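Please open the structure in your viewer and keep the sequence panel beside it.

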Amino acid sequence: MGKIYNFFASMRLAVVLLSIFAIAIGVATFIENDFGTETAQVEIYRARWFEILLLLGTLNLIAIGFKYKMYLFKKWYVSLFHLSFVVVMVGAFLTRYAGFEGTMHIREGEKVDYILSEKSYLNIEVDGEKFSTPMQFSNLFENSFSEKIGGLEISLKEFIPYVKKEKFENSNGKSVLSGVVSVDENLPPIEVTISEGEVLDLGFTVLDFKGDYVSKTPHHQDVIQISKEGSSIKIKSLSTITAFSMADKNESVRGKETEVERKYLYRVANISIVFKDISLGSETRLVSQMSKPKTERERYPNLMIFQIGDQTLDVYGMSGAVGEKFSTEVSGKMVSISYGAEELALAFSIYLRDFQLERYPGSMSPASYASEVAVFDENSSFEYRIFMNNVLDYRGYRFFQASYDTDEKGTILSVNFDPGTSITYIGYGMMFLGLFITLFGRKSRFQKLRKELLPALLLFLPLLGHSEKIEIEQIDTIFKFDKVHADKFGSLLVQDQSGRMKPLDSLNLEVLRKVYRGNSIEGLNHNQIILGMVTKPHLWKQINMIYTNDPKVNEILGFPKDTKRVPFEVFFEDVEMLDGYKLADEVSKALQTPPKKRGLFEKNILKIDERVNVAYMVYSGELLKIYPYPENENNRWVSTIEALTSFPPKDAEMVRAISVIYFTALDKALKSGDWNETEKGLEFISQFQQGHGSDVLIDDSKIMAEIYYNRYNIFQNLIAPTLILGVLLLILAFWELLSEKRSKAVSGILKSGVYIVFLLFTTGLILRWYISGHAPWSDAYESLVYIGWSTLLAGLLFSRTSPFILSATAILSGIILFVANLSWLDPQITNLIPVLSSYWLTIHVSIITASYGFLGLGALLGFITLLLFAIHTESNRNRISKKILNLNRVNEMNLIVGLVMLTVGNFLGGVWANESWGRYWGWDPKETWALVTILVYTVVLHIRFIPKANSPYLFALISLLSFSSVLMTYFGVNFYLSGMHSYAQGDPVPVPEFVYWTLGVITIISLLAWRKRKIS
C-alpha cells in the first residue's frame, strides 16, 4: 500500500500526467483545425478519459502536498500556489457541469425571453414519449448511439458531416433541363428546372418531360412534350416551333418537333424559352464538405441516418440552429427526431431599443458597436447599454455584445451562466500571490539560486547580412524634386484604406515598402518618390521599381530570370490605355487555386499583382485621400479626382483651384529650382482639411512624432548596433576569461552602449504607443518587437550575475529585431478591432509576450551549455564543469521568471476573455498552446525532483527544446492554425529554410554533448 501511495504522490507521475495533458491539448488544436471544433470536443476536451486525467492530476497534486509537507507554515507560499490549482479545478468543475452558454438574437423593437443554447441536443419522440440528451459528433472516428424509446430500438446507423447536394453526370440517371421561360411579355421571365418524369404547369402551357400529363383544368392548355432520344433532347408540340439563334441572330421555323440546343430562343405556343443547361443524365448526391476550409464547411448541416426497426430516417441538423423535426411511422408508432440547439427560457426578457454601430472615419470597418436595451422582470425594469468590454450582469447571467445583423437593425448577444467564475477568480488570486512570493520570498527557490551563482560562460552565434545597391535609369527630372518641400508634402494629413488618419509621410513610406521593398531609391526618400509618381507618372512608369524577383514572372515580362525590379509600363501591352495586362491569365489561375493549394509561384504572382495595383492607385491619385468630404457623417476623405467629381459645386471648384495652383507651381519649381511658390498650394490644402475635417484632425505633435518615427526607423536601425555590441561584449568576455585580466574601461563603454540601445528601444515603443493610441503589441510585428525589448530587459536584469549574459541577450534581441523586420511582417500602424480596444490588452499581452523574452534567453543559455559539454576535455573538466553548473543556475532563475510571467499573463488572458465575451477558457488554439507552453516549462523546472533525470545535460537540452513550444504558440498558431486570436496573424508563410538548418545544428551539438554529459 505504501508503494502505491508513494507512486501516486511521486513527482515522476506528476511529470507524466503533465506531459500527457500537454500532448493531448496540443494534438487537439490540430484536430480542431482539420476536423472541426465538435470533433476536438468529443475526442479530447469532453472525453471521459480527459476528465479522468484532470482528476488524477488534481489528486496527484494534493498527494504531493501532503508528502512534501507543504501544509507547514514555512512553506505557506508554495502550498498556496499549488492549492490554487485545486481551487481553479473546482471552479472549472462547476463551470462544466452547472454552467451553460448560449446566444440571444434581438431585432430593434423586439422583446426576447429565451436564449439559444450553445450545446446541441438530440431530441427523440415516440408516440408522446420524449427523450433528449446533449450530443456531439466526431468527424474523426465512428459515432455511436443506441436507445430504446417507446418500445422501439433507435440507433445511429451513419453520420455524414457537412453535407451538400451536388449534381453528377450519370448515363443511367434522369435527364434534367433548366432554362428561362417567358409566359407573358408584361411579366418578368422565370427560371425553371424540369427532370424526366416531371410535369411543369405554367398556366396555359404545360411542359411534360415524359410525365404523361392529363389536363384537369376547364381552360385549354398547350402541352409541350419533352423526350430523350439517344444523346439528344427533343421538344414536340401541336403548335409550330420557331428557333432564334443568339449567335448569328437568324430565326428559323422548325415545324412541330425539334432538337433542343443551347443559345437558342424557342417560341412554342404562348411561351418563349431558352434552355441554359441540358443534362442528358445526372443524379443528385449528398456529398460531405469536409475537404473545404473550416469556416466554409461549417455552414452546411450534418446528416444523421437513424435505424428504427427495419426502417431508416434521415435527420439534418447543425450546431447553433434550432433542429428541424424529421418524422416517420414505424410499427404503427409516429417517430420524430431533431438535432440542434434548444431554446432555453429565461425568467425575464430583454428589449432592444437601438443598435448602434460606429465606424472608423471614412471606412466601413467597425470601431465599436453597442446595444441600448431594457430589461423587464415581472414588475420592475431598467435600461442598460451593452458594448464591447461592458457586460450586462443580471440574475447570474452575463450578456456580452458579440455580433450584429448585416442591416444593423439587430444584435446578437453572447450569454453566459457560470457559477464557477468566483471560485476560479479566487484560485487565480491565490496563484498570482504564490508566484509573486516564489520570486521574492527569502526562502524561495529563485532566491536560493541567486545566492549560489558563480561566473558563467556563454558563446557567440554569428549573424551575417548584406546590402545591395540598386541601379535605375537616369532621368534628370526625378532628381529635381526638392527634399524639403517633399517632406512638407508628407506632413499633410491623409486617410488610409482602413480609415486611420495619419501624415502622408507614413502612407508614402508604406507604399514604397510595398511596391519597391525598400525605403529609398538612389538617394530619393519616400516623399520625393511618391510626389514624383503623382505629378510625373509618365517618367516614373519607366523606373525599375516594381519588385518581382520571380523567374517565371520575369520571363513573362521579357526580363532575365534573376531580375529583381522592373518598370510599371512593362506589365501592359499598351501602358497609356492600361490595356493588355500581361499577368492577367496567371493572376486569374492563382485566384482560382484554393489558398491551401497555392504554391510559391501563385503566392508571388498575387503579391506582384498587388504591387502593380498599388502603383497604379498612386499614379492615378486614387490612394491619396487628402480632401475631407464636406459634412460627411462618417468623416470620409477622398482623392483629388473623386473630390472634383463628387463634391458640391462650390467645394469642387475650390479643390480644382487648389490643384491648379499647386501643380502649376510644381512645374515651375522643377524648371527654375525655386520651390517657394509651392508652399502656397500645400497651405491651401491644409486649410481645406482644417475647415472640413476638424472632427478627425490629429494634433501637430502627434503628426511630427509619427514623421520622426518614420524618419529614424528606430527598430530596424537598432538591429546592427545591438548585434555588434553583443559580439564585442562576447569577445571581451572571452578575452578576460582566457587572459584572466579585466578591462573595466572597455567593458563600461560597451555596457553603456547596451543601455543606450535599450533606452532607444524603449523610446521607440513609447513613440509608437503615442502615435497609435494603443499599446504597441497588438499585431505580429509589434508583439515581436516587444519580445525583443523584453529579451534585452531580461539580460540587463541578470547581467550582474555573469559577464556573458548581457552579450547573449543583446545578440538574441538583435536576431528577434531582424526577424520582426523581415518582409512577411507588416510594420505599419493600424486601427484596433473592437475587442482589442481594452485595458486588458495592455495587461495580458504585455506580460505574456515579455515572458517569451526570458524563455528565449533560456533556450540560448541551454544551447551554449550544450556547446560547453561538447568542448570540455579532461584538462579543462573542472573549470568547464563550474561554468556549466553556474550557467544552469542562471538559466533556471531565468526560466522561473519566464514561467511566472507566462502563467500570470495567460490566466489574466482568461479574465480578459471572460470580461469581453463571457468565456475565460474556450480551448482556442492560441490559448491552448500558451497552456501547453506553461505545462512544458513546468515539467522543465520540476524535472530535478526525479533523481534519474536530474542532470545538467538534460536540463540544458530540454530548456533549449522547450522553446519550440513558444515558437508554436507565437508563430505556428498565428500563421497556420485558425482561431479567435486572428487579429495578430499575417499571411501564411512557408517554413523558412533556416529552420531545418537550425534543427540540424541542434541535433549535432546535442549528440556531441551527450557523449561528454558527465561532469565533475
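Is E653 buried, partly exposed or exposed? E653 has a relative accessible area of 47% and is therefore partly exposed, where buried means under 20% relative accessible area, exposed over 50%, and partly exposed in between (1.4 Å probe, protein chains only).

This is a predicted model, in which local features need pLDDT of at least 70 and side-chain atom pairs count only at pLDDT 80 or more, while totals for chains, interfaces and linings use all residues. Residues are numbered from 1 along each chain as its sequence is written, and side-chain values use heavy atoms, with hydrogens and water left out.

**First stop: around E653**

Select residues 649–672, which form helix α17 and include E653. Helices (H or I, at least four residues) and strands (E, at least two) are DSSP runs, numbered from the N terminus.

Move to residues 100–107, strand β1, and residues 111–117, strand β2, which pair in the antiparallel sense over two bridges. Two strands count as paired if DSSP finds at least two bridges between them.

How many salt bridges does the structure hold? There are 26, a salt bridge being a side-chain nitrogen of Lys or Arg within 4 Å of a carboxyl oxygen of Asp or Glu.

Select R107 and D405, whose closest N and O atoms are 2.7 Å apart in a salt bridge. This pair links distant parts of the chain, 298 residues apart: R107 belongs to strand β1, and D405 to the loop between β24 (397–404) and β25 (410–417). R107 is partly exposed, at a relative accessible area of 26%, whereas D405 counts as buried at 13%.

Proceed to D377 and R395, a salt bridge with its closest N and O atoms 2.7 Å apart. Here strand β21 (residues 366–377) supplies D377, and the loop between β23 (392–394) and β24 supplies R395, 18 residues away in the chain. D377 is buried because its relative accessible area is 7%; R395, at 46%, is partly exposed.

Then select E706 and R500, whose side chains meet in a salt bridge at 3.0 Å, N to O. The pair spans 206 residues, from helix α19 (residues 700–712), which holds E706, to the loop between β26 (493–495) and β27 (501–503), which holds R500. Both E706 and R500 are buried. Finally, display R48, E51 and R96, which salt bridges with shared partners join into one network.

**Last stop: surface patches**

Patches are made of residues with over 30% relative accessible area and no salt bridge, like charges being joined within 9 Å and nonpolar side chains (Val, Leu, Ile, Met, Phe, Trp, Tyr) within 5 Å.

Select E569, E573, D574, E576 and D579, which form a negative patch. One of them, D574, lies in strand β32 (residues 572–574) and is partly exposed at 32% relative accessibility.

Which residues make the nonpolar surface patch of about 470 Å²? They are Y5, L55, L59, I62 and F66. Helix α4 (residues 48–67) contributes the largest share, four residues. Y5 is found in helix α1 (residues 2–8) and counts as partly exposed, at 39% relative accessibility.

Conventions:
Accessible areas come from the Shrake-Rupley method with a 1.4 Å probe; for residues, only the protein chains shown count as cover. Lys and Arg count as positive and Asp and Glu as negative; His and the chain ends are not counted. The place of a charge is taken as NZ of Lys, CZ of Arg, CG of Asp or CD of Glu.
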